[in-house]
Amino acid sequence: MIESYRDINNAKGEVLDRLGEKYGQSRGQADDDFYRIMLKSKIASRRGDATVNGIIRTIQNAFNIEPKNIRVEPLENEPLAIRIVDIPIELAKTPWQQKYLLKRVEETSAAGIRVDQIRFVDTSWNTVKVVYGTRSAIISVNGPK
C-alpha cells in the first residue's frame with residue numbers, strides 16, 4: 001500500500017512534493033494533477049532522446065495520452081526551429097501550464113534547435129492558441145461547435 005501511495009499517479013500533497021524533490025522539480029503554482037504532469041515530463045526529458053519522436057514521447061508520457069494528432073514541424077524560413085502542433089488545450093489549461101510545457105519541450109530538444117511555438121487546440125470552440133516564449137495569442141476563434 002505504501003508503494004502504491006508513493007507512485008506518481010497516486011501520490012498527493014506532501015508525498016508528491018517529496019517525489020518532486022527527488023527529481024529536482026519544484027511545484028510552483030501547480031495543483032496535484034498538473035504537478036504529476038511536470039514530474040512525468042521531467043523524467044521523460046531526462047531520457048535524452050532529442051529527436052522528433054523523443055519530443056512527442058515526452059509529451060505522450062507527461063500527459064498520458066496517445067499523440068496521434070500531435071506533430072513537430074520545422075519552420076519554413078528557419079531550418080533549426082520547430083513548432084509543436086495540435087496539443088489538446090485540456091491538457092494545459094492555464095497560461096502558466098502552457099508556458100511550462102513550452103519550457104520542457106525546449107529542454108528536451110536537441111542543442112541548437114529552437115522551439116518557436118506550441119499550438120494548443122480547443123476543439124469545443126474551434127480555437128487554436130499559440131504559445132511563444134514570452135507571449136501567447138489566440139489565432140482563430142469561430143465560436144463553439
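Predicted model: local features only at pLDDT ≥ 70, side-chain atom pairs only at ≥ 80, totals over all residues.
**Helix 4 against helix 5**

Helix 4 spans residues 52-63, and helix 5 spans residues 95-108. Their axes lie 10 Å apart and meet at an angle of about 140°. The two helices are therefore oblique to each other. The crossing of helix 4 past helix 5 is right-handed. Helix 4 contributes Gly-54, Ile-55, Thr-58, Ile-59 and Phe-63 to the contact. Helix 5 contributes Leu-101, Arg-104, Val-105 and Thr-108. By type, the contact residues are five nonpolar, three polar and one charged.

**Salt bridges**

The whole structure holds 11 salt bridges. The table gives some of them, including two formed by Arg-71.

| Pair | Closest N to O distance |
|---|---|
| Arg-71 and Glu-73 | 2.8 Å |

Asp-86 sits in strand 2 (residues 81-88) and Arg-71 in strand 1 (residues 71-74), so the pair ties together parts 15 residues apart in sequence. Arg-71 is partly exposed, at 37% relative accessible area. Asp-86 is partly exposed too, at 25%. A network of salt bridges links Arg-71, Glu-73, Arg-83 and Asp-86.

Arg-114 is partly exposed, with a relative accessible area of 34%. Asp-116 counts as buried, at 17% relative accessibility, because buried means under 20%.

Methods:
Residues numbered from 1 in each chain as written. Heavy atoms only, no water. Axes fitted to C-alpha atoms, helices over the stretch in contact; angles between N-to-C directions. Helix = DSSP H or I, 4+ residues; strand = E, 2+ residues; numbered from the N terminus. Parallel < 35°, antiparallel > 145°, perpendicular 65-115°, else oblique. Left-handed = near helix turned anticlockwise from the far one by under 90°. Contact = heavy atoms within 4.5 Å. Nonpolar A, V, L, I, M, F, W, Y, C, P; charged D, E, K, R; others polar. Salt bridge = Lys/Arg side-chain N within 4 Å of Asp/Glu carboxyl O. Buried < 20%, exposed > 50% of the residue type's maximum accessible area, 1.4 Å probe, protein only.
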